[in-house]
Amino acid sequence: MISRFPGLTPTRSRAVAHDDLVFTVAVAPDPVSPSMYEQSAKALARIDESLALCGTDKSKILSAIVYITDIKRKGEMNRAWDEWVDTKNPPMRACIGVDLEPPHIVEIVVTAVK
């Protein structure tokens, strides 16, 4: 059975639990800063909130996919990630350059265990 959890603002932030797995996606909340670092940090904070809502935390993340609009600014996202990630158990991570719905320039999708 899939348990769906209501999204936070903006509506593109969601969490879903299925058996022992949690799937969550997050973007920075409004107002949206043009800074890649700030959007990354805020989206990661949303991931923390969603994981907590689903009964887990970032130490149990299996994988993360980070979508960014400008791959040349990946260093800014990496700085936010390095400040946030559980260094004792860093998950697999992929960073992909894509076009996102403006004004968002970062979107993060995470799979974790409960």
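I began at leucine 21, which I found in strand 3, residues 21–26; strands here are DSSP runs of E of at least two residues and helices are DSSP runs of H or I of at least four, both numbered from the N terminus. Before going on I noted that this is a predicted model, in which local features need pLDDT of at least 70, side-chain atom pairs count only at pLDDT 80 or more, and totals for chains, interfaces and linings use all residues. I also noted that residues are numbered from 1 along each chain as its sequence is written, and that side-chain values use heavy atoms, with hydrogens and water left out.

**Overall layout.** I looked up the secondary structure and found two helices and six strands, which follow one another from the N terminus as β-β-β-α-β-α-β-β. Of the 114 residues, 40% count as buried, where buried means under 20% relative accessible area, exposed means over 50%, and partly exposed lies in between, with a 1.4 Å probe and protein chains only.

**Strand pairing.** I then followed strand 6 (106–113), which is mostly covered, six of its eight residues being buried. Strand 3 runs antiparallel to strand 6 and is joined to it by six bridges, and leucine 21 has valine 113 as its bridge partner there. Strand 4, residues 61–68, is also antiparallel to strand 6, with seven bridges between them; in this pairing isoleucine 68 has valine 106 as its partner. Two strands are taken to pair if DSSP finds at least two bridges between them.

**Surface patch.** Together with Phe23 and Leu62, Leu21 forms a nonpolar patch on the surface with about 230 Å² of accessible area, the areas coming from the Shrake-Rupley method with a 1.4 Å probe and, for residues, only the protein chains shown counting as cover. Patches are made of residues with over 30% relative accessible area and no salt bridge, with like charges joined within 9 Å and nonpolar side chains (Val, Leu, Ile, Met, Phe, Trp, Tyr) within 5 Å.

**Salt bridges.** How many salt bridges does the structure hold? I found two, a salt bridge being a side-chain nitrogen of Lys or Arg within 4 Å of a carboxyl oxygen of Asp or Glu. In one, the side chains of arginine 73 and glutamate 76 meet at 3.1 Å, N to O; glutamate 76 counts as partly exposed at 29% relative accessibility, and arginine 73 is partly exposed at 26%. Arginine 79 bridges to glutamate 83, with the closest N and O atoms 3.8 Å apart, and because these two residues are four apart in helix 2 (residues 74–84), about one helical turn separates them. Arginine 79 is partly exposed with a relative accessible area of 45%, whereas glutamate 83 counts as exposed at 54%.

**Backbone details in loops.** I looked up the cis peptide bonds and noted one from aspartate 30 to proline 31, with omega near -5°; proline 31 lies in the loop between strand 3 and helix 1 (36–53). The bond from proline 102 to proline 103 is also cis, with omega near 5°, and proline 103 lies in the loop between strand 5 (92–97) and strand 6. Finally, I noted that aspartate 19, in the loop between strand 2 (13–18) and strand 3, has phi near 55°, a positive value in a residue other than glycine, and that aspartate 19 counts as exposed at 52% relative accessibility.
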